[in-house]
Amino acid sequence: MVKYKTEQRKLMQSLFTKHPHEMFSAKEIKDLLGGESVSISAIYRNLSELEASGLVRRCAKNGSREAFYQYTGIEDCKAHIHMTCTRCGKTVHMAAEDTDALVQSASKYKDFSIDRTETVLFGLCGVCRNL
């Protein structure tokens, strides 16, 4: 099946590449893209296709049933575990050496393998922790 690069998909990819360390709900994406110009069904359809192609990942925030999406299309992103603040929503990459140490430590525990591209650690960032 042919995949078309629609104007909505271009707008969404542009939004994600400008904000690679942020997660957005479908409603937030709609609002950021101008609301009326992109339908919510087009946003969900494009999110599904972007997720299937590995360019975005879907996760839930603590205390929310809503799905949030983050861009993972940059190569650097795939080798890191993400850490997301449950208060402000900021997402950062864990340093490569720390990611490696965590993955190696987990593999020693009952031979468990961590998928770096799907792992998000939730907690409070330094700014929110000090509020």
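Which residue's side chain meets that of R58 in a salt bridge? That would be E51, at 3.3 Å from N to O. A few notes on this pair and the rest of the model follow.

1. Ground rules. This is a predicted model, with local features needing pLDDT of at least 70, side-chain atom pairs counting only at pLDDT 80 or more, and totals for chains, interfaces and linings using all residues. Residues are numbered from 1 along each chain as its sequence is written, and side-chain values use heavy atoms, with hydrogens and water left out.

2. The R58 pair. For a salt bridge, a side-chain nitrogen of Lys or Arg has to sit within 4 Å of a carboxyl oxygen of Asp or Glu. Both partners here are partly exposed: R58 has a relative accessible area of 47%, and E51 comes in at 28%. (Buried means under 20% relative accessible area, exposed over 50%, and partly exposed in between, with a 1.4 Å probe and protein chains only.) R58 also has a bridge partner in strand 2, namely Y69.

3. The other salt bridges. The structure holds three salt bridges. One of them links E49 to R9, with the closest N and O atoms 2.0 Å apart. E49 is in helix 3 (residues 40-52) and R9 in helix 1 (residues 7-18), so this pair ties together parts that are 40 residues apart in sequence. R9 is buried at 11% relative accessible area, while E49 is partly exposed at 24%. Another joins the side chains of D31 and K27, at 3.0 Å from N to O. These two both belong to helix 2 (residues 26-32), four residues apart, or about one turn of the helix. K27 is exposed, at 51%, and D31 is partly exposed, at 47%. Helices (H or I, at least four residues) and strands (E, at least two) are DSSP runs, numbered from the N terminus.

4. The strand pair. Strand 1 (residues 56-60) and strand 2 run antiparallel, joined by five bridges; strands pair if DSSP finds at least two bridges between them. Strand 2 (residues 67-71) is largely enclosed by the rest of the structure, because four of its five residues are buried.

5. Q70. Worth a look: Q70 lies in strand 2 and counts as buried, with 0% relative accessibility. Its side chain makes a polar contact of 2.4 Å with the side chain of R57. (A polar contact is a pair of N or O atoms within 3.5 Å; within protein, one must be able to donate a hydrogen and the other to accept it, and residues adjacent in sequence count only if both atoms are side-chain atoms.) Leaving out residues up to four places away in sequence, Q70 touches a list of residues including F16, M23, V56, H82 and T91. Contact here means heavy atoms within 4.5 Å.

6. The cores. A nonpolar core is a set of buried Ala, Val, Leu, Ile, Met, Phe, Trp, Tyr and Cys residues joined through side-chain atoms within 4.5 Å. The largest has 15 residues, and M12, F16, I29, L33, I43, L47 and V56 have the most contacts inside it. Helix 1, helix 2, helix 3 and strand 2 each supply at least two residues of this core, and helix 3 gives the most, with four. M12 is in contact with I29, L33, I43, N46, L47 and L50, leaving aside neighbours within four places in sequence. Apart from this core lies another, of five residues, among them I81, V103, A106 and I114.
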